[in-house]
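Here is a friendly walk through a model with its sequence and coordinates at hand. Have a look at it first, and then let us go through it piece by piece.

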Amino acid sequence: MNRLGTVIGFTFKNKVRTKSFVITTLLLALLITIGIHLPFIIQLFIGDDEGGANKIGIVADGSTEIAQQIEDYIAEVPDNNIEFVRMEDGGDTAALNEQAQAQDLAGYLLIVSAPPGPEGTQETFPQVQYVSDSGSIPADVQIVLQPALESAKTRFITEGALTDEQIAQLTTPVQLNAVSYDKTSDTGGGAADGSDDPFSPMDFITVYVLMTLFFFSAMLTGNMIASEVTSEKSSRVMEILITSVSPLTQMFGKVIGVFLIGLMQIGVLGVTIAINLMLPYNRDVMAGFDLDFSQLPVDVLIYGLIFYVLGYFLYALLFAAVGSIVSRTEDLGQAVMPLSMLSLAAFYIGIFSLNNADSLLMKISSFVPFTSPTTMIARIGLGEIAFWEIAVSLILLLLSIFFFGWLSAKIYRTGVLMYGKRPSLKELRKAMKAYKI
Amino acid sequence: MTERLILQNVMKRYGDKTAVNGVTLGVQEGEIYGLLGANGAGKTTTMRMVLGLIYPDEGSITYGGRPYGGDVQRMVGYLPEERGLYPKVKVSEQIIYLAKLRGMDGAEAEKNLKYWMNKFDADEYYDKRIEELSKGNQQKMGFIAAVVHRPQILILDEAFSGLDPVNVELLKLAVKELRDEGASILFSTHRMEHVEELCHNITILDRSNTVLQGDIREIKRGFPREQILLKTSAAVTGLESIPGVTGVEGDPEGYLIRISDEAAAVPVLTLAMGQSEVRHFEVKEPTLNQIFIRSVGERHE
């Protein structure tokens with residue numbers, strides 16, 4: 001036990017001080033900080049223009065009624081920051097452009113009446129153009145203008161046959177709410193009213209974050225372990241090490257040491273996120289996303305962490321074994337390929353099934369040890385699952401850790417004595433026999 | 001004197017190839033035991049078995065009467081032929097780490113490390129990384145790493161290869177010091193003069209078999225003396241015609257006379273004294289080098 005601690009300490013201390021680790025961590029922290037500040041930075045830039053309000057010109061060209069309707073509709077939109085300026089139709093676009101620039105407008109709406117059709121047909125709705133410097137509509141402006149135009153169009157076509165309420169109903173999109181069985185039964189089948197929160201975004205976010213975290217730590221730390229082992233082997237320190245400590249102690253020391261490094265890295269990034277979110281100006285932005293951290297699903301988090309740790313060990317042990325059969329770091333990439341593919345598969349099966357957590361694929365893969373760390377989290381968080389299923393999956397995962405831990409220790413013991421080209425499975429088995437391992 | 005490290009009829013096969021065929025030897029306390037052999041003779045395999053890296057198919061190895069185990073690991077030190085240390089880790093850190101792995105506490109390890117660093121005149125490398133050191137200095141650090149935990153059994157595979165004469169002397173002194181402190185040292189090298197200087201007993205392996213074993217002086221006695229070194233003040237003629245002389249090389253500064261029979265020595269000396277003043281006359285003992293080449297080389301032909 002004492003020597004295990006020594007190995008863990010040495011691995012941890014040396015890895016933490018490497019330049020690559022420090023730089024990666026700082027870079028990730030910086031990226032996260034920038035990412036979180038992005039909405040704020042964008043606001044800062046927008047804020048420079050006209051104190052928040054978008055001034056848009058409107059050229060009626062005879063269709064003043066439509067122009068009026070658009071203005072009325074927009075005026076009723078809450079949090080509206082669009083301000084309309086009536087512009088006189090000078091007849092030619094050059095004059096209009098000049099006028100728009102002179103008045104410092106973001107752009108202007110040009111309503112072009114369609115030429116009257118043959119006698120007896122209804123007049124068609126005029127074409128509307130948004131003319132601006134860049135020739136494109138900013139997303140926030142379009143979101144407001146689109147329904148305004150639709151409403152005006154409905155009014156135009158029905159020509160007063162409908163009341164304002166009917167028109168308002170027509171233009172609002174139909175709400176389709178998804179609710180699970182137990183929720184509908186709780187509220188006595190009152191799913192349609194949508195008053196009880198049917199779907200917590202926090203569940204989704206937790207599952208998503210756990211899966212991504214698992215994938216990245218399995219890949220990054222796994223590769224770290226494999227390359228550590230290979231470099232020990234290629235620098236021949238290995239021969240001294242395995243005469244000092246049992247390979248099992250050595251392997252677990254390495255795996256745990258790197259695990260602690262991974263934890264520390266996650267910790268640093270977590271603190272970075274927390275600090276950034278605490279900043280007053282970011283708090284408002286987060287409030288805008290309508291996230292409630294008190295809704296954090298604790299059970300998903302706990303199960304997630306259990307699966308995360310166990311899954312990590314399963315992968316890490318295999319990465320260590322692979323690292324031990326390679327003699328040179330150049331060959332490592334190729335050798336860890338199958339493991340990378342496996343973790344990639346686990347990640348993608350989970351991510352692509354987030355909206356369909358109860359599919360057959362998910363059910364099967366949540367019992368396969370290599371994919372269960374991601375898919376089980378998804379099923380617990382987003383799907384329907386019985387407790388026995390979680391238990392069985394956990395036991396399978398534990399058993400496979402013991403099995404692959406034992407196998408990895410054997411491969412490790414043999415692999416570190418074999419130099420030269422990467423051995424095939426057959427050669428490895430032969431060597432194991434020869435070395436009596 | 002008790003034998004601390006004992007190999008009994010140790011045998012190792014890789015597939016259908018026998019790597020080591022029934023080696024038996026014993027290393028006493030305070031002894032440097034020479035394990036010699038051509039490349040591929042089975043030296044490294046033997047050493048690896050002693051280290052517990054691989055297990056013998058037959059025979060037994062005991063360490064102070066005990067079989068291999070965790071406590072044996074702590075009393076063994078090993079300097080591999082291709083010595084390895086972490087290239088990017090500070091010398092002090094990794095050597096203390098290795099000592100701790102062998103069950104020594106940190107403070108004592110540091111004390112020992114400083115002692116050896118000072119002895120090897122390498123204090124300034126304490127905080128350097130291995131990759132910053134020259135090859136010879138790396139080797140010295142490797143040696144320190146092997147002995148820092150005061151092992152009772154020390155295995156040195158080609159300990160002096162690649163070192164300049166000054167450093168060879170330094171390391172030789174260190175090995176002798178460890179021997180005098182009572183360590184049992186299993187020593188392999190291709191440099192026969194080192195063996196002659198350091199070892200009492202040797203085993204010569206050839207293609208996995210033991211071909212020669214025992215006390216060096218007795219081994220030498222068993223081989224006929226075949227050379228006479230003769231130094232005279234003037235030229236000596238007619239040496240070739242003496243019965244038993246098979247060849248003469250050199251000049252009055254030093255004739256090297258090959259003989260097939262030691263009885264030829266007296267006539268050679270008489271002839272030389274008759275013709276000139278004899279400054280040096282020696283019936284040479286066979287060197288270990290010659291013995292090695294005879295016992296290993298002849299079989300290769």
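In chain B, the centres of domain 1 and domain 2, taken over C-alpha atoms, are separated by 42 Å. Please keep in mind throughout that this is a predicted model. The domain assignment of chain B places domain 1 at 3–221 and domain 2 at 224–285. Chain A is likewise divided into domain 1 (2–35 + 201–435) and domain 2 (54–171), and the C-alpha centres of these two domains of chain A lie 56 Å apart.

**Helix packing**

| Helix pair | Axis distance | Crossing angle |
|---|---|---|
| α3 (64–76) and α5 (139–158) of chain A | within 9 Å | roughly 130° |
| α3 (91–101) and α5 (135–147) of chain B | 8 Å | about 30° |

The crossing of α3(B) and α5(B) is right-handed. On the α3(B) side the contact is made by V91(B), I95(B) and L98(B), and on the α5(B) side by M141(B), I144(B) and A145(B). By class, this contact of α3(B) with α5(B) has six nonpolar residues, no polar and no charged ones.

A right-handed crossing is also found for α3(A) and α5(A). Here α3(A) brings I66(A), Q69(A), I70(A), Y73(A) and I74(A) to the contact, where they meet V144(A), A148(A), L149(A), S151(A), A152(A), R155(A) and F156(A) of α5(A). The residues of this contact divide into nine nonpolar, two polar and one charged.

**Strands and sheets**

Chain A holds an open sheet of four strands in the order β2-β1-β3-β4, and the pairing is mixed. Which strands lie at the edges of this sheet? They are β2 (82–86) and β4 (127–132) of chain A, each of which pairs on one side only. On average, neighbouring strands of the sheet are turned by 25° against each other, direction ignored.

Within this sheet, β1(A), residues 54–59, runs parallel to β2(A), and five bridges join the two.

In chain B, β8 (residues 201–206) and β9 (residues 209–215) pair in the antiparallel sense over six bridges. T203(B) stands opposite Q213(B) in β9(B). The hairpin formed by β8(B) and β9(B) has two residues between the strands, and R207(B) takes a positive phi near 45° there.

**Where the chains meet**

Finally, let us turn to the contact between the chains. It involves 18 residues of chain A and 24 residues of chain B. On the side of chain A that touches chain B, α1 (2–16), α9 (237–244) and α17 (425–435) of chain A each supply at least two residues. Which helix gives the largest share of that side? It is α9(A), with seven residues. By class, the side of chain A that touches chain B has nine nonpolar, five polar and four charged residues.

How values were computed. Residues numbered from 1 in each chain as written. Chains lettered and ligands numbered in written order. Predicted model: local features only at pLDDT ≥ 70, side-chain atom pairs only at ≥ 80, totals over all residues. Pairing = 2+ DSSP bridges. Axes fitted to C-alpha atoms, helices over the stretch in contact; angles between N-to-C directions. Domains from an automatic or database assignment. Left-handed = near helix turned anticlockwise from the far one by under 90°. Contact = placed C-beta atoms within 7 Å. Nonpolar A, V, L, I, M, F, W, Y, C, P; charged D, E, K, R; others polar.
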